Structures are given as C-alpha cells and as structure tokens.
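Biologist: I would like to learn how to read a few features of a model. Can we take them one at a time?

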Amino acid sequence: MSTPASSHPTVPTSRTLRVPLWTLPFLVLAGTLLGAAVTWQVNRDRGEPAILQGMVTGVNSDGTAIGFTADSGTREGEGLALIADVPWTDAAGEMHGGTDPTCLLPGSSGQRLELGVLDIGGTGNWPSRAVVWVHCLN
C-alpha cells in the first residue's frame, strides 16, 4: 500500500526579508548619527584647559594645591592641584619653568592669577581639576 503524498513531511523553505528601498537613507542617517555621537563622546574634554582669572584664597603648606575664586564668581574657594614643575610667567611676562611660581608661596593668599585649568575627573580625596600653567598678575 502506498502512503498518500500529504503525509510526507515538508521541508521548510527559506524566507527572505524584504526591506523597502526607501528605508535605506534612514538607516544610513541613523548610522551616521550614532557614529557622530560616539566620536563626540570620546573626543570631548581632550586636553584643552579653561583659562580663568581670579584670586588665590590660599596655598597649601607644600605648594601643591591652591584655593581659587574666579572673577566670574564661580569656583569660589575651589581646590585646584598644581602639576609638578608647572610652567609659569611672572607679572612682567617672563617665562619660567622647573621652579615653583613665586606668586604661589606656601601659606600665601590674595594673589591675582590667570590659570590654565584642566578637568582631570576621578573621585577621591584630591581636586578634580589641575592647574597646567600659571600667569602671575601681581
């Protein structure tokens, strides 16, 4: 006796996903926007210091950190770390390096400065911003 044809198992056929051609520009745009967002996130805050003028509210005992208030009224008394051998200029504009700025003697305060300040981030018991150059204004 023969088996009817309908009782044989059928082999599944492969399916093809058809995407309308008009969606291609949207996919390209989405990919471009995603790439731009990732690039911006990776490259933001990459070593460009903020330039601030203001007054020193205090220099710590070993001269490695200062308190600073910007003229704009922001950053009042903010703690900033001084990078070792920070390049600096005196009030006359003469460049110095390899020595501590003479306007930032340990224990001093009230000096007017222009600073290059770099956000270094992180968490802990240290300042999150570092001074990368100093210009003594008085």
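This is a predicted model: local features need pLDDT of at least 70, side-chain atom pairs count only at pLDDT 80 or more; totals for chains, interfaces and linings use all residues.

Biologist: Start with aromatics. How many aromatic pairs does the structure hold?

Modeller: The structure holds one. Its members are Trp-22 and Phe-26, with ring centres 6.3 Å apart.

Biologist: Is that pair stacked or edge-to-face?

Modeller: Look at the angle between planes: over 60 degrees counts as edge-to-face. Here the planes stand at 85 degrees, so the Trp-22 and Phe-26 pair is edge-to-face.

Biologist: Are Trp-22 and Phe-26 buried or exposed?

Modeller: Exposed means over 50% relative accessible area. Trp-22 has 60%, so Trp-22 is exposed. Phe-26 has 54% and therefore also counts as exposed.

Biologist: Now the strands. Which strands pair with β6?

Modeller: Strand β1, residues 50–59, pairs with β6, residues 112–119, in the antiparallel sense over six bridges. In that pairing, Gln-53 stands opposite Glu-114. β6 also pairs with β7, residues 129–136, again antiparallel, over seven bridges. There, Val-117 has Val-131 as its bridge partner.

Biologist: And the nonpolar core?

Modeller: In soluble globular proteins, nonpolar side chains tend to be buried together. The largest nonpolar core here has 18 residues. Ile-66, Leu-104, Leu-113, Leu-115 and Val-134 have the most contacts inside that core. The elements giving two or more residues to it are β1, β2 (65–70), β3 (78–82), β6 and β7.

Biologist: What does Leu-104 touch?

Modeller: Leaving out residues up to four places away in sequence, Leu-104 touches Val-56, Val-59, Ile-66, Leu-82, Gln-111, Leu-113 and Val-134.

Technical notes
Residues are numbered from 1 along each chain as its sequence is written. Side-chain values use heavy atoms; hydrogens and water are left out. Rings of Phe, Tyr and Trp (its six-membered ring) pair if their centres lie within 6.5 Å; planes under 30 degrees apart count as stacked, over 60 as edge-to-face and the rest as tilted. Buried means under 20% relative accessible area, exposed over 50%, partly exposed in between (1.4 Å probe, protein chains only). Two strands pair if DSSP finds at least two bridges between them. Helices (H or I, at least four residues) and strands (E, at least two) are DSSP runs, numbered from the N terminus. A nonpolar core is a set of buried Ala, Val, Leu, Ile, Met, Phe, Trp, Tyr and Cys residues joined through side-chain atoms within 4.5 Å. Contact means heavy atoms within 4.5 Å.
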